[in-house]
Amino acid sequence: MSLLSWKLHGNGKSVSAGEVVSTDERLTWPRTIGVGLQHIAAMFGATFLVPIITGFSPTTTLFFSGIGTILFLIITKNRVPSYLGSSFAFLGPIAAAMTAAGTGGGMAAALGGIVFTGVVLALVGLAVRAAGIGWINWLLPPVVTGTIVMLIGFNLAGAAKGNFTKEPLIAIITLASIGVIGAFSKGFMSRISIFLGLVVGYVVALAMGDVDTKGISAAAWFDTPTFTTPTFSTNIMILFLPVVLVLIAENVGHVKAVAAMTGKDLDDQMGNALMADGLATTVAGFGGGSGTTTYAENIGVMAATRVYSTAAYWIAGVGAILLSLSPKFGAVLSATPAGALGGVSTALFGMIGILGARIWIESKVDFSDSTNLLIAASALIMGIADYSWTQGDYTFTGIVNGTLVAVIGYRVLHAISKARGN
């Protein structure tokens, strides 16, 4: 099969009970476009939240998410259906880099950290292609990956509080809307409850006159995205190392989930998936977009439609690029009031943390093992309280220190325990 050709599934108009549209199949093009638009809607809220929170350009981030998705499909030979959207794992390091303007930080330095993350992830992908996935499972057992995901989420609690307290009424309305929408809705609406809650908070703030609309009025309807060149500071790039570990876990989990849903053996694509996400993140960082990851939101669309065709993801990638060509659209998003961001951040950062606990629960991590308990507990406190220290020109933040404790501490203590026969 050539890269851009798919077999028609049945008559192309329906999916019979018990059947799925496989990765190398498609429905009729109008139906495939419809599924592709659903994928855009599924990724939309989460992909835009990252640049809105970090101050990056939303349209530039959307542009590179579309480019990244197409690169992913090409590198995985159209065998792994996935949309590459903004990764929340970058929020902590970006926030730290943006506030370190006096020590070589700022947006350009944050982009340098994103490029660094992408290059390292791509190299990991090459290593997996050569040696298999076993060494990653050894380095990142569930107790470690769960801890890293959790500390990245909870480390951002202070940033959420900062926006929340600027406009507490709007923040409360936004947070309450997320909860109510999630409780009342089902399926797709429930999956985008955070974005819909943000919309409610935005509209209420607009009605109260708390949204600055000058930038929206001045923005053009159509134009190319704004591109920003990265700068590279070792001190800043160190902050992004933990993100590599999270992206590895997310990509491996995504490929395994797709393999289970489609009944296809995709182990030979693990390395390609990691390399593709690394390349997509690198390209985004060089142009001013946020780092990418495979999106669980779009797995929900595949499960609901039973359409796993990569053709739909080509539609989604191209559609995202076309949407990114409207600066006015980006200006609307950039004008999001602080209170709405505070409400969303409170829910979102907490959810990221709880996802770490979910990894522990689903993997049945044994916390009666004192080593597991000590590693997770110590790393979390370092991340949440942001234990930081400076050595020369390098600053090690709570996320970095907590990650080092989780990864290195786990291996060292378990090696000692095993040597002692415990």
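Helix α7 (residues 157-166) and helix α18 (residues 338-362) pack against each other at an angle of about 145°, with their axes 7 Å apart; the axes are lines fitted to C-alpha atoms over the stretch in contact, and angles run from 0 to 180 degrees between N-to-C directions. Helices here are DSSP runs of H or I with at least four residues, numbered from the N terminus. The residues of α7 that take part are A159, A160, N163, F164 and K166, and they meet residues of α18 including L341, T346 and F349, where contact means heavy atoms within 4.5 Å. By class, this contact has 6 nonpolar, 6 polar and 1 charged residues, with Ala, Val, Leu, Ile, Met, Phe, Trp, Tyr, Cys and Pro counted as nonpolar, Asp, Glu, Lys and Arg as charged, and the others, Gly among them, as polar.

The model is predicted, so local features need pLDDT of at least 70 and side-chain atom pairs count only at pLDDT 80 or more, while totals for chains, interfaces and linings use all residues. Residues are numbered from 1 along each chain as its sequence is written, and side-chain values use heavy atoms, leaving out hydrogens and water.

Helix α16 (residues 310-323) is mostly covered, since 10 of its 14 residues are buried, among them Y313, W314 and I321; buried means under 20% relative accessible area, computed with a 1.4 Å probe on protein chains only.

V143 lies in helix α6 (residues 142-154) and is buried, with a relative accessible area of 4%. Leaving aside residues up to four places away in sequence, V143 touches W360, V365, F367, N372 and Y410.

Conventions
Helix = DSSP H or I, 4+ residues; strand = E, 2+ residues; numbered from the N terminus. Buried < 20%, exposed > 50% of the residue type's maximum accessible area, 1.4 Å probe, protein only.
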